Each structure stands twice: as structure tokens, then as C-alpha cells.
Amino acid sequence: MSAKLLSVNNALFKCLKTLHGSRQRGFSTGAASLGSVDLKGRSFLTLKDFSSEEIKRLLWVSGDLKQRIKHEKQYLPLLQGKSIAMIFEKRSTRTRMSTETGFALLGGHPCFLTSQDIHLGVNESSTDTARVLSGLCDIVLARVYSHSTLEELDKEASIPIINGLSDLYHPIQILADFLTLQEHYGSLNGLTVSWIGDGNNVLHSFMMTAAKLGVHLKIATPKGYEPESSVIQEAQRLSKEHGTQLVLTSDPMEAAHGSNVLVTDTWVSMGQEEEKKKRLKDFKGYQITMQTGSVAKPDWTFLHCLPRKLEEVDDHVFYSSRSLVFPEAENRKWTIMGLMVSLLTDYSPKTPMLKF
């Protein structure tokens, strides 16, 4: 064998060895492509607007910050000198605490504004509010009733707008859910997630995201409580494009069958209190129990974005070792931090990319 050919073979062997080693350590051959994703200056109203690579990049940055700050005890003042306006038309524990503490931990200054502090669209138009805040802070997180309010803010603002929840989507929750599942299962591709409950904003965000991460989605909602038809159509398109399964049914056990993850949420959201009696009747049989999990895969787990009511899931599941609800709640902090850093800086992760 010639010296030239031997040199080529040795180089090829080293290349293959490096590639194999990177896979063994959880690296992905897509690291280079994700490393080039730039989200700085973008708004975050719905995951419908974000590609597979962009969502993976957000999860990678979130996992990286969690590793460096929580586990390695590093101080990363990445948002020093920056401020965020947090507009809350609807109360929240996790959204407020994760955003406020996360932004401060990164060296920035959070400003919390309730409906008593800022009369969004009432005493001052959303247009004027967006323009004023654009000159006073660097980013806005708004938790609102109507999604159109976010769209108006985004149209008029010159800074990024983050959807902290609207009637149509809850995208920051889904980032936390998928980071939690990635940490638990090691990867996301090929998992089956089953939603059993209301066709609400959280489900809509799952539907805009799952297929992009290679996740199959099975949905059980009572008749009359299905997801929005336009969201279903887009989810069907995404499922076809990414080669994943999308199932819609009214049978909770059918949805749970063969699933890795069972998910539910409140049946009575804020603003629906007058419908409570009817909703509890219509959702009879939808409570997630160990019986529901008996038809799922042996490694099944449970998610709930909280706050939880007993009729949605019983204590045997909620407080069991299968429940990931409290790691899920904590990951609201790391994912909102990852999102804010991605929208406001040129930060590049320093830890290995997650395996998707």
C-alpha cells in the first residue's frame, strides 16, 4: 500500500472515530447547522413561526445555561444592563417567577406590570404602549387574554415581544416540556406524546412543535372541545412534512395506547369559570389515572403545566415517580432564560449539544 493511500485511510479512520465518539457522548452531527442559527431580534409569539433547527437551538441554549449556572455554579451576566417589561393581564406563578428570577440571574432588570399598573389597550392604546416600551426597555413579555394583542404589540414595537400566554398559544410552556422530556429520555425523536384534555392554547403549541422534533402526537378531546380547525390543518401539514403520526380522537384510552408521555392541563381556564359545571360533566372519564397508563408504554411519564386540579389527574399519578411535573416547572426558568438570551444576544452554547 502506498504511503499516500495509507495517509488517506488513516485520515478517514480518524474522521469516523471522531464521529462515532461524538455520537457516543450525545453530540449530534447537526451541531454545525444549529450553531449557525441566529435568533437575535426575533419575536416569539408562536412556535408555528420557528423551524425545527430554531427550536432545537433554543433547547440547546436552555440546557447549556442550566448546566453552566445550576450545576457548574458559573455566573453569567449575559443580560447585564438590559431590562424586560413583563405585562400580565392574567396572573401566574411559574411565568412570573421564571421570567423575573431568570432575567435577574442573568444580570438584567425585570419590571412587573399588572393591569393596575398598565391599562393595555384601555387607557393607552397597544400601539402607543409598544412604542413607549421600545424606548424604555430591551424586550417585552406579555401574558394576555387575546392573541391579537400580542400581534399588535409586535407590529408596533422595535424590540422583541414574547408570548407569555394568550388564548391561542402558550409557546414558552412547550419549550419547558420538551427540555424536560429530552433530559428524561435522552432524546426526543420517535417519542409519542398523548394529550388527554381540552383543545386549548397549550395543546395548540404542542401541535405546532411536536412534528418538528420528530415526536408523534395523539390527542383526545371531548366532542365540542377540539383544537382550532386552522391549528389542526397546520399540524397535519407538519406531520406529513416530518413523517410523524398525528391522531385525533375522543377516546382517552385510544390516545394513551402505546404512548411514552401522558399530558393534560386544566379543564377550566381563567375566564371560563361560568362554564365549570358543564365542563366537568363533559370531561367525565378524562381524568388520568394509573388505569390510563396501563395501556401506555412501560416507560410512560406524566406532564402537567400546573396549577393542577384533582379531576384532571389523581394523586397516584401526580405524585408518583412517573410524574415529571416539578422538573417541568423548574425548566420554565431555564427555557425562558435560554429564549431571552437567544433573542437579545449573540451567545453561543459552551456545552455539548443535546441529542435530539
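In this predicted model, Phe318 is a buried residue, with a relative accessible area of 4%. Phe326 is partly exposed, at 47% relative accessibility. A further charge over a ring occurs at Phe50, where the charged end of Arg42 sits 4.2 Å from the ring centre.

Across the whole structure, nine aromatic pairs are found. One of these is formed by Trp267 and Phe283, which are stacked, with 5.1 Å between centres and 15° between planes. The two residues are 16 positions apart and link distant parts of the chain. Trp267 belongs to the loop between β8 (261-264) and α11 (276-282), whereas Phe283 belongs to the loop between α11 and α12 (290-293). Trp267 is buried, with a relative accessible area of 3%, and Phe283 is buried at 0%. Ring pairs join Trp267 and Phe283 with Tyr225 and Tyr286 into a cluster.

Tyr286 is also among the residues touched by Ile196. Ile196 lies in strand β5, which spans residues 192-196. With a relative accessible area of 1%, Ile196 counts as buried because this value is under 20%. Beyond residues up to four places away in sequence, the contacts of Ile196 include Ala220, Pro252, Ala255, Ala256, Val263, Thr264, Ile288 and Thr292. Ala256 is 60 residues from Ile196 along the chain, and their C-alpha atoms are separated by 8.0 Å.

Technical notes:
Residues numbered from 1 in each chain as written. Predicted model: local features only at pLDDT ≥ 70, side-chain atom pairs only at ≥ 80, totals over all residues. Heavy atoms only, no water. Helix = DSSP H or I, 4+ residues; strand = E, 2+ residues; numbered from the N terminus. Buried < 20%, exposed > 50% of the residue type's maximum accessible area, 1.4 Å probe, protein only. Contact = heavy atoms within 4.5 Å. Phe/Tyr/Trp six-rings, centres within 6.5 Å; stacked < 30°, edge-to-face > 60°. Lys NZ or Arg CZ within 6 Å of the ring centre and 35° of its normal.
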